[in-house]
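Look at the structure first, then follow along.

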Amino acid sequence: MLVLFQRETCPDCKPVRELLTKLQVSYININVPKPREERHELIRTTGSKFIPALVDGATVIPGKLRENADIIDYLMKRFGDPDAVAPENAVDAQPEHVA
């Protein structure tokens with residue numbers, strides 16, 4: 001199960017949450033306190049005090065100051081580009097010919 005360390009008001013966290021939703025990936029959301037010195041679980045788990053940070057089993061992507069590119073890249077590689085996947089019930093654009 002994926003674990004996302006974040007804060008609701010963090011502008012770099014929002015795109016990560018939106019991508020997880022678009023990919024339909026279940027995850028545990030851990031809201032961290034605003035004061036960085038109070039983010040004990042985040043620091044213990046990731047070694048960083050910055051968010052967003054993602055944990056996927058043994059894979060830990062620590063947060064970086066004002067950046068989420070590593071997490072976005074990881075999610076796209078792990079789960080695929082949601083815009084590149086055709087809908088399950090897509091109907092062919094070509095009409096069938098009846099003989």
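Q: How many cavities of 30 Å³ or more does a search of the whole structure find?
A: This is a predicted model, where local features need pLDDT of at least 70, side-chain atom pairs count only at pLDDT 80 or more, and totals for chains, interfaces and linings use all residues. Residues are numbered from 1 along each chain as its sequence is written, and side-chain values use heavy atoms, leaving out hydrogens and water. On a 1 Å grid over the protein atoms alone, a cavity is a set of points where a 1.4 Å probe fits but cannot get out. The search finds one.

Q: Which element gives the most to the lining of the largest cavity?
A: Lining residues have an atom within 4 Å of a grid point. Among them are P52, I61, A69, D70 and I71. Helices (H or I, at least four residues) and strands (E, at least two) are DSSP runs, numbered from the N terminus. With three residues, the top giver is α3.

Q: How much space lies in the largest cavity?
A: Grid points are joined across faces, edges and corners, and a volume is the space filled by probe spheres set on the points. For the largest cavity, that space is about 40 Å³.

Q: Which peptide bond is cis, with omega near -5°?
A: Look in the loop between α2 (40–46) and β3 (53–56), where P52 has its place. The cis bond runs from I51 to P52.

Q: What is the relative accessible area of Q24?
A: Q24 sits in the loop between α1 and β2 (27–31). It is not a glycine, yet Q24 has a positive phi of about 60°. Exposed means over 50% relative accessible area. Q24 is exposed, at 73%.

Q: What is the mean pLDDT of the protein chain?
A: pLDDT is the predictor's confidence in each residue, from 0 to 100. In this chain, 85% of residues reach 70 or more. The mean is 89.

Key. On a 1 Å grid over the protein atoms alone, a cavity is a set of points where a 1.4 Å probe fits but cannot get out, and a pocket is an open set with protein on both sides within 12 Å along at least five of seven lines; lining residues have an atom within 4 Å of a point. Buried means under 20% relative accessible area, exposed over 50%, partly exposed in between (1.4 Å probe, protein chains only).
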